[in-house]
Amino acid sequence: MQRMGELGKKGVLALLCDSTNIMRPGYTMSEKTVGKTFQTIFDDNADRRIIVATFASNVDRVQQIINASCAHGRKVAVEGRSMVNIINVATELGYISIPEGTLIDTEEIKKYPDDKVTIITTGSQGESMAALSRMAASIHKKVTIKPGDVIIVSATPIPGNEKSVARVINELSMKGAKVIFQDTHVSGHASQEEIKLIYSILKPKYAVPVHGEYRHLVKHAELAESMGIEKDNIFILSSGDVLEISEENAGVTQTVHSGSLMVDGLGVGDVGNIVLRDRQTLAENGIIIVVLTLDGDTNQLLAGPDIVTRGFVYVRESEMLIDDATNVVYESVMKCLDGRVTDWSKIKGEIKDRLGDYIWKKMKRTPMILPIIMEVS
């Protein structure tokens, strides 16, 4: 607080402040309250195996879990790559204290009775490939959820993750586990009064609400204005906006590309929107390939049309549909040839239009139609 006060006296040009808890009045509770809750849960479930899911980055929370485990004579196993990495680094730097002999490898869990084991894991946000989600789906190689296990989800769902978290909790409950998620977490984000305090100490010229959904940013802008920041000096930005700030003025000057980057095999960013749209069409509606052969000299139909489908219908059960579709293609091709149309792109376009209309009328589907014309001279 003292250091922030010094910065406020020097003058702060812009404050980019977290907006996640901007809807919450008052102050965020102390992290120490969670430690007391852990002690109570460990007391109440002294004869069961306990699994705790939390944010890997919350080192103090991990320390409190270890403290509660040691107080109850439990060994601690750590699951999840990020959790293992952070605990190793935090231990080396002295930010976390683990009594010697407390940590065990996950493969050693079977050597100890359930009431002597605590598992600290990632996956508190329902991430599909995180350790807790894999345990819930019975695809984790080392940990199998058993009836009677006590699972503490020590995190509040980030806005947008509620469904994923609920799914994992339901899957764990179906396996007979007892899931505890009430009062096991204290937010790491500032509430309204703390944000007001920061504004009053730093007295920034410009306010840029960050970290939160748009509704949070709007509420934050209102709070900043109530703390004396001029409305024209508050900027709600979208991803990609470039904000230029100087002592004299500030404003959004341009926009840069932002968003998801497709990683596909060895390629990074080489699959664009058009390819993704085609894949979506293939996934939802399948593909129809129309093959026919034309005489290069006389432009007469020599073979076909033949229709091949993938992901559209099961051909053996839809022979009448395929026969009718073949007739539609034949008629559209003959119409073009009789009209002395020699441009293959026009013939392909006619096949796509006529066959597409027929399939839509019959099936209410829009598969990808790929005409292939072969030339024999």
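Contact here means heavy atoms within 4.5 Å, and helices (H or I, at least four residues) and strands (E, at least two) are DSSP runs numbered from the N terminus. The model is predicted: local features need pLDDT of at least 70, side-chain atom pairs count only at pLDDT 80 or more, and totals for chains, interfaces and linings use all residues. Residues are numbered from 1 along each chain as its sequence is written, and side-chain values use heavy atoms, with hydrogens and water left out.

In helix 1, Met4, Gly5, Leu7 and Gly8 meet Ile198, Ile201 and Leu202 of helix 7. Ile198, Ile201 and Leu202 are among the buried residues of helix 7, where buried means under 20% relative accessible area, exposed over 50%, and partly exposed in between (1.4 Å probe, protein chains only). Besides helix 1, the buried residues of helix 7 pack against strand 1 (14-18), strand 8 (206-210) and helix 8 (214-226). Lys203, with a positive phi near 50 degrees, follows helix 7.

Eleven salt bridges are found in the whole structure, each a side-chain nitrogen of Lys or Arg within 4 Å of a carboxyl oxygen of Asp or Glu. One of them joins Arg49 and Asp149 (2.7 Å, N to O). These two residues are 100 residues apart and link distant parts of the chain; both are buried.

Glu171 and Arg167 also form a salt bridge, with the closest N and O atoms 3.9 Å apart. Both lie in helix 6 (residues 162-174), four residues apart, about one turn of the helix. Glu171 is partly exposed at 24% relative accessible area, and Arg167 is partly exposed at 35%.
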